[in-house]
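Q: Please take me through the reading of a strand and its surroundings in this model.

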Amino acid sequence: MQIQLQKIAPQYLEIEKTQHSDVWNKEVVFKKGERIQIVAPSGSGKSSLIHFLYLLRNEYTGQILFDGKNIATFSPEDKAKYRQQQVSIVFQDLRLFSQHSAAANIEIKKTLVPFSAAASLEEMAAQLGITKKMQQNAGICSYGEQQRIAIIRSLQQPFDFIVLDEPFSHLDENNSIKAMHLITTEAAKRNAGIILADLHKVPFFESDSTLFL
Amino acid sequence: MKLSFKQIAPFLNTGASTGSRLISYLGLGIGVLLLLCSMQMFININVLLKDRNPRTSGFDYISITKKITDQNVGQDNSFSAAEISALQSLPFIDDATPLIANKFVVSASGGPALPFTTDIFLEAIKTDFIDTIPPSFTWQPGQAMVPIIISSDYLELYNTVFAPSRDLPQISEGAMGALVMQLECTGVYGTQIFRGNIVALSDRINSVIVPQNFLEWANKNIANISNSNATRVYIKTTDANNVEFLNYLQENNYQVNKDKTKFGRVKQILQAVVSGLVGFAVLVILLAMMLFSFYLQLMIARSKDNLQLLLTLGYSPNWLSKTVAKRWIPMYVLIVGSSVLLVQLFQYFFIQQFLNGRDDLSPMIDWSVLITGAALLALCIGINYGLIRKLLHRL
């Protein structure tokens, strides 16, 4: 199981910006079980890459193949299955249901296609220190608490890859390390690959390779 | 936990515009009730106003003529072969045959037993249209005796009006056969005398009937007229009150004995009223469904962000469409089911209260009303699902 990027580049990005990139307009392969760090300064298309991988946008040249299939040809039902069982995500903008509790936000994902070997919700919340926030509306939690809710939500399903877009931007180092540990533990249970994109190299993420966008 | 509407319900704004939703339910219920009631009434009218005159053969025999108006008076108002063929080909007419009339002058005298003389007319018709045909109703060229069948009304008129006014003896049905009258037939070829013998009375044909071959022979050999068109046509139908039959008569300017078709005219009016109600009911249903579709669009618009996020998280658009659409199925079943039940109750009370004693109308609603109810239910559910699916796939 692998994700292949075949010379993809955002349509809006100037050609000069792709020349020194390890990803744009290159042949890149992410294998299941690998840990990839992508370092991307602002304006380099980091979120665009994440959105391309998660089928949220398709304004790119080239092809992205998942297990040999071009994801641009996926039907709405194929997309749903891809997101349910194959690729999980932590968005930079989190995308929580602000009017609903932390627990409800996590539960709505867990109910879809649960992963039985995942740690329980209570254990995860305890690890990340948000147990007391679980019944609070996500909209009134701090940004850091929301990030932790989004991380827990992303770990409720089976996945072959988990894609993370600046997942610790509002967490202190201690909580960031705890969150990273939780992510790597859950990914290991699934033998899944981790693709973490951030502005800088994340020191506590032991990656197999680092790519510069 | 199995995925169901319960899990996503908190994320949908289904409480939007409750008032318009309830009005659309009410409108749909009224429309369905009106439509199904009208259908059942249409069927009831057909059953109640079907001709009930006892008929030995199961058919009605009705004579039709062309209406004489100021525009066509003096013209040829006979039926051509094509017009008779057209009548025969109509689905609600089993058969049509012309009534041939004499083209020469005929006078009849009763002889010593019945001392009066009168001009009369003679007509002939296909024998299977005559209700009573004795074996003696035949004629061969050269035969002086001509068998005659007259309308039983004529005997009654003679006995009750004509005979007393002229001091003539009344005649019984049994004695009629013994009576021989002289028929004097005069045309361009001169006069020929025949003896006429009444061999039967008819309750069906309002005329003086002679064998067809005699009249054709006489028209040719006395009046020098062959193959003349008839001004009267008898039609054979299973239902004289058939509305299509009446419409056909009106369109072609034909007329019949109004008494024979009075139920048909009443039925025509009632069915027109009921058809109007059906049209109105369909309009009400369409409006109710439009109002409900506005409600759905509003609900999905208000829930758009949440629905988009659910799709982003991996919820299947097909599953979402079906799950959201299924939520309204119980309501549709309740509305249409209640309407069908009310129609059944109306039918029952209609028969009990207004038709006491009549057993020709079933207390159960017609199967076509049930099928229409089921079809309406399927249509509502189908349109609902199609709309939700379309809206969700647009997100």
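**A strand and its surroundings**

A: Leaving aside neighbours within four places in sequence, A:F161 is in contact (C-beta atoms, placed from the backbone, within 7 Å) with A:I3, A:F30, A:V87, A:A192, A:G193 and A:I195. This is a predicted model: local features need pLDDT of at least 70, side-chain atom pairs count only at pLDDT 80 or more, and totals for chains, interfaces and linings use all residues. Residues are numbered from 1 along each chain as its sequence is written, and chains are lettered from A and ligands numbered from 1 in the order in which they are written.

Q: Is strand β7 of chain A buried or exposed?

A: A residue is buried if 20 or more other C-beta atoms, placed from the backbone, lie within 10 Å of its own. Strands are DSSP E runs of at least two residues, and helices H or I runs of at least four, numbered from the N terminus. Five of the five residues of β7(A) (161-165) are buried, so this strand is largely enclosed by the rest of the structure.

Q: Which residues lie on each side of β7(A)?

A: In a regular strand the side chains alternate between the two faces of the sheet. Here A:F161, A:V163 and A:D165 are on one side, with A:I162 and A:L164 on the other.

Q: Which strands are joined to β7(A) by bridges?

A: Two strands pair if DSSP finds at least two bridges between them. Strand β6(A) (87-90) runs parallel to β7(A), with four bridges; A:S88 has A:I162 as its bridge partner. Five bridges join β7(A) to β8(A) (193-198), also parallel, and A:F161 is partnered there by A:G193.

Technical notes
Contact = placed C-beta atoms within 7 Å. Buried ≥ 20, exposed ≤ 12 C-beta atoms within 10 Å, placed from the backbone.
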